[in-house]
Amino acid sequence: MRARDAVLAILVIPFVAVLWPPFYAGSQPAWEGIPFFIWYQFLWTIITAALTIAVYFVQTRGERVHEVPAERGEAPGGRPE
């Protein structure tokens, strides 16, 4: 497995954190009157979005680095037209 693909494993963290009930099965601690379950889920929504963006940029950066621009007169893939 390439290191770039290993970054995808980061997306398992929010999956486990949100789908494993013992992490959030309670109403305490409440924050500003909002039960723990609600703000815990909302916080993970924001964290998951940030992690997804980070993984996307790592993946696309790796693709751009390995991309070789085609010279004039060559078809995609480096074959002459």
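The structure, a predicted model, holds 4 aromatic pairs. One of them joins Phe-36 and Tyr-40 in a tilted arrangement, with 5.3 Å from centre to centre and 40° between the planes. Another is formed by Tyr-56 and Phe-57; their ring planes stand at 65°, and since planes over 60 degrees apart count as edge-to-face, this pair is assigned to that class. The two pairs are set out below.

| Aromatic pair | Centre to centre | Angle between planes | Class |
|---|---|---|---|
| Phe-36 and Tyr-40 | 5.3 Å | 40° | tilted |
| Tyr-56 and Phe-57 | 5.4 Å | 65° | edge-to-face |

Phe-36 and Tyr-40 both belong to helix H3, which covers residues 36–66. Within this helix they are 4 residues apart, or about one turn. Phe-36 has a relative accessible area of 12% and is therefore buried, the limit being under 20%. Tyr-40 is likewise buried, because its relative accessibility is 11%. These two residues are also members of one aromatic cluster, together with Trp-39 and Trp-44.

A further feature lies on the surface. Val-12, Phe-15, Val-16, Leu-19, Trp-20 and Phe-23 make a nonpolar patch of about 630 Å². Among these residues, Phe-15 is located in helix H2, which spans residues 12–19. Is this phenylalanine, Phe-15, buried or exposed? Phe-15 has a relative accessible area of 52% and so counts as exposed, for which the threshold is over 50%.

Notes: Residues numbered from 1 in each chain as written. Predicted model: local features only at pLDDT ≥ 70, side-chain atom pairs only at ≥ 80, totals over all residues. Heavy atoms only, no water. Phe/Tyr/Trp six-rings, centres within 6.5 Å; stacked < 30°, edge-to-face > 60°. Helix = DSSP H or I, 4+ residues; strand = E, 2+ residues; numbered from the N terminus. Buried < 20%, exposed > 50% of the residue type's maximum accessible area, 1.4 Å probe, protein only. Patch = residues over 30% accessible without salt bridge, like charges linked within 9 Å, V, L, I, M, F, W, Y side chains within 5 Å. Areas by Shrake-Rupley, 256 points an atom, 1.4 Å probe, with all protein chains shown as cover. Salt bridge = Lys/Arg side-chain N within 4 Å of Asp/Glu carboxyl O.
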